[in-house]
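Here's a quick briefing to read alongside the model. Have the sequence and the 3D view open as you go through the points.

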Amino acid sequence: LEFRRVLFRSVFEQGIAPRPGDKAPAIATPTAAEDPHGLAGVSTDSEPLARLYRDSASDLLAAGRPFMIVFASPGFCTSEACGPTLTTIKAVAPSFKHLAIIHVEPYVMEWNGTRMVPVMVPGVGLQPNPIATAWQLPIEPWIFTIDAKGRVVESFEGVVSVEELRRSEEHTSELQSHSFISYAVFCLKKK
């Protein structure tokens with residue numbers, strides 16, 4: 001039997017991660033070209049897709065390019081959903097020719113001489129990195145699509161299907177083609 005310790009810091013009545021219509025955080029994300037270890041220095045995926053580590057979110061936001069950003073740690077996931085989520089992203093990536101896709105490891109990591117490993121804090125465990133903190137992620141995996149105006153179009157917590165990702169990409173592309181739409185706003189029903 002394996003036991004895992006889970007620490008819940010806070011429980012919020014409403015979510016804290018960006019919602020559709022919110023501005024995406026303008027924080028740089030690591031790229032393989034800028035890391036001395038290349039793909040191995042930016043991903044714990046055993047078979048990383050280079051395209052997911054080519055662009056930084058801050059550069060895409062500055063350029064007004066829509067993108068999808070995926071927060072998942074396939075090598076050190078706490079929910080055991082990260083590997084399958086990233087596999088789904090890699091499966092749809094070839095059909096998303098006009099949408100940049102970024103994968104971000106959400107935890108503080110260090111190079112151990114062979115690969116990236118998480119920096120563990122005694123008694124606490126995995127620590128969110130500054131990127132995950134800027135996006136206010138309470139858990140991973142998490143996927144966002146961002147439009148050309150830098151607004152969140154879609155937000156997916158946890159496992160996502162190929163069909164959901166395709167609809168999200170189509171929706172983001174549709175918004176991109178209509179210059180009169182500044183951003184997508186989805187109303188959330190209040191209690």
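A quick word on angles before we start: axes are lines fitted to C-alpha atoms, for helices over the stretch in contact, and angles run from 0 to 180 degrees between N-to-C directions. With that in hand, helix H2 (residues 82-92) lies across S1, S2 and S5, and runs at about 160 degrees to S1. Keep in mind that this is a predicted model.

**The big picture**

- The protein has four helices and six strands, and from the N terminus the order of elements reads α-β-α-β-β-β-α-β-β-α.
- There are 191 residues, and 45% of them count as buried.
- The accessible surface is about 10,800 Å², with 54% of that belonging to carbon and sulfur atoms.
- If you take contacts between residues at least 6 apart in sequence, 70% join residues at least 24 apart.

**The four-stranded sheet**

- Four strands make an open sheet in the order S2-S1-S5-S6, and the pairing is mixed.
- Strand S2 (100-104) and strand S6 (152-157) sit at the edges, each pairing on one side only.
- On average, neighbouring strands here are turned by 15 degrees against each other, ignoring direction.
- Strands of a sheet pair through backbone hydrogen bonds, either parallel or antiparallel.
- Strand S1 (residues 67-71) goes antiparallel with strand S5 (residues 142-146) over five bridges; to find your way in, look for Phe-71, whose bridge partner in S5 is Trp-142.
- S5 and S6 also pair in the antiparallel sense, again over five bridges, and here Ile-143 has Phe-156 in S6 as its bridge partner.
- S5 and S6 form a hairpin with five residues between them. In the turn, Gly-150 has a positive phi of about 80 degrees.

**Strand S5, from both sides**

- How many of the residues of S5 are buried? Five of the five are, so S5 is largely enclosed by the rest of the structure.
- In a regular strand the side chains alternate between the two faces of the sheet.
- In S5, Trp-142, Phe-144 and Ile-146 point one way, while Ile-143 and Thr-145 point the other way, and all are buried.

- The buried residues of H2 are Cys-82, Thr-85, Leu-86, Thr-88, Ile-89 and Val-92. Looking down the axis of H2, you'll see them fall within an arc of 155 degrees, so they line one face of the helix.
- An α-helix has 3.6 residues a turn, so residues three or four places apart point the same way.
- Thr-87 and Ala-91 are exposed on the other side of H2.
- Why does Thr-88 count as buried? Its relative accessibility is 16%, and buried means under 20%.
- Leaving out residues up to four places away in sequence, Thr-88 of H2 touches Val-160, Ser-161, Val-162 and Leu-165.

- Ser-56 is in the segment before helix H1 (57-63). Is Ser-56 buried or exposed? Buried, because its relative accessible area is 6%.
- The side chain of Ser-56 reaches the backbone nitrogen of Thr-29 at 2.9 Å.
- Not counting residues up to four places away in sequence, Ser-56 touches Ala-28, Thr-29, Thr-31 and Ile-102.
- Leu-126 belongs to the loop between strand S4 (116-118) and helix H3 (130-134).
- Which residues does Leu-126 touch, not counting those up to four places away in sequence? They are Phe-76, Thr-78, Tyr-107, Pro-118 and Met-120.
- Leu-126 and Met-109 lie 17 residues apart in sequence, with 9.2 Å between them in space, C-alpha to C-alpha.

How values were computed. Residues numbered from 1 in each chain as written. Heavy atoms only, no water. Helix = DSSP H or I, 4+ residues; strand = E, 2+ residues; numbered from the N terminus. Buried < 20%, exposed > 50% of the residue type's maximum accessible area, 1.4 Å probe, protein only. Contact = heavy atoms within 4.5 Å. Areas by Shrake-Rupley, 256 points an atom, 1.4 Å probe, with all protein chains shown as cover. Polar contact = N/O pair within 3.5 Å; in protein donor to acceptor, adjacent residues only side chain to side chain. Pairing = 2+ DSSP bridges. Arc of directions from axis to C-beta.
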